[in-house]
Amino acid sequence: MTQTALRATADIKPTLTDEEVLDFCKTGLLTLEGVIPDTTNRWVFDYLDEEGADPHQLVRDERFIDEVLLHPAVAGVVRSLLGAGFQLPEWMANHRLVGPEAARYWHIDAGSDFERACNLLQVFYIPQSNSIEMGPTLFLPGSHLVPIAREDIERFGNLTGQVATTAPAGSVFVTAYSIWHRQPDKVDQSTRNLLKWVYWRTVPPARDWLARPDFDFRGADYSFNSSYFCGGHRKWQSVPRIAEMFYWLCGKSDEFHTVGGSGWPYSSSDPGKWSQQRQ
Ligand SMILES: [Fe+2]
C-alpha cells in the first residue's frame, strides 16, 4: 500500500441527467452493476484475504483511488450528486462475512437524519459476485426520506419492495445515508466482502449535472411507486419530500413552496386524482 496526497476532484465530469438525479431522490439508491473491472476486483479481494488486511489502508492507496474511488462511472455519479470538488473518503470499512451468519435487523446508521438534502453519499462495493446465499445487503428504496426510530424498524421482517445486492463482481451501490438496510441470513461457506465508505460535498448544491434546459419542474412526477411505500397513504407522504430534495440538489430551495393539501407537487404526480390547482 502506498501513501498519497488527497486527490483533486474538481475536473471530474458529471454523468447523470435531471431524470436520473430525480430518480435518486425517489429511491436513495443507484446501482452500478459490474462497473469495476475483474482485474481490480481480484487484487482487492486478494488483499482483503491477506492476514491482518486493513481495509482502511485502501483510502490512501493510489491504485484503489484510481480504479475504484475515482473510476469514471462511480466518480461521475458522485460528481453529479455532490458537486465539483467532492471529498474522497477518509475511512473505509469492510463488512466481511466468512461462512454462515445469522441475519441482522433492519436499521439505519448512526447520525441518520432523513434530510431532504444530499451532503454525503454512502457507497458500497462488492469485489466478488453476490448470490442470495451470501447474505447480500438488503436496501429499502425510498426509505431514506421516511423518519423512523431505530428501535421501530428492528421488528420488521421482509418488506415488499426490498432490493438485494445480488449482483456481479465489481458492482457499486450509491446510497443516501439514511436508507434502511439489513443483512439477511448468509447460508453458504463463501467469504463475502462489502467495502463501504462515504464521499462528502464541499460546495453548495447546483444543477450542474447533465441538465436539460426544458426540464419541467412543475410537471415532473415526484411520486415513487415502491411496493412498501405505495400502500395506503405512505406513497403520498413521500411526494413533497422527494420534490424538496430535488429542489435542494438543484440549488433551488428558495423556490420550493407548497400550499399543502393536494396542490403541487401532488398535482403533478397524478393530475387526474389529486389535482385541484397548481402553483
Ligand atoms: Fe448499517
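1. The buried residues of helix 4 are Val74, Ala75, Gly76, Val77, Val78, Arg79, Ser80, Leu81 and Leu82. Buried means under 20% relative accessible area, exposed over 50%, and partly exposed in between, with a 1.4 Å probe and protein chains only. Helix 4 spans residues 72-82 and is mostly covered, with nine of its 11 residues buried. Glycine 83 follows helix 4 and has a positive phi, near 85 degrees. Helices (H or I, at least four residues) and strands (E, at least two) are DSSP runs, numbered from the N terminus.

2. On provenance: this is a predicted model, in which local features need pLDDT of at least 70 and side-chain atom pairs count only at pLDDT 80 or more, while totals for chains, interfaces and linings use all residues. Residues are numbered from 1 along each chain as its sequence is written, and side-chain values use heavy atoms, with hydrogens and water left out.

3. Five strands make up an open sheet with antiparallel pairing, in the order 1-7-4-10-2. Strand 1 (29-32) and strand 2 (93-94) are at the edges with a single partner strand each, so one side of each has no neighbour in the sheet. Two strands count as paired if DSSP finds at least two bridges between them.

4. Strand 10 (residues 195-200) pairs with strand 2 in the antiparallel sense over two bridges. Across this pairing, alanine 93 is opposite lysine 196, and asparagine 94 is opposite leucine 195. Strand 10 is also joined to strand 4 by six bridges, and these two run antiparallel; here valine 123 stands opposite tryptophan 197. Five of the six residues of strand 10 are buried.

5. What lies across strand 2, strand 4 and strand 10? Helix 2 (residues 38-49) does, running at about 90 degrees to strand 4 (120-126). Contact means heavy atoms within 4.5 Å; axes are lines fitted to C-alpha atoms, for helices over the stretch in contact, and angles run from 0 to 180 degrees between N-to-C directions.

6. The iron ion has His107 (NE2), Asp109 (OD) and His181 (NE2) as its protein donors, at 2.2 to 2.3 Å. Along the chain, the donors of the iron ion have the spacing H-x1-D-x71-H. Donors are N, O and S atoms within 2.8 Å of the metal (3.2 Å for Na, K and Ca); water is not among the atoms, so sites may look incomplete.

7. Are histidine 107 and aspartate 109 buried or exposed? Histidine 107 counts as buried because its relative accessibility is 19%. Aspartate 109 is buried too, at a relative accessible area of 12%.
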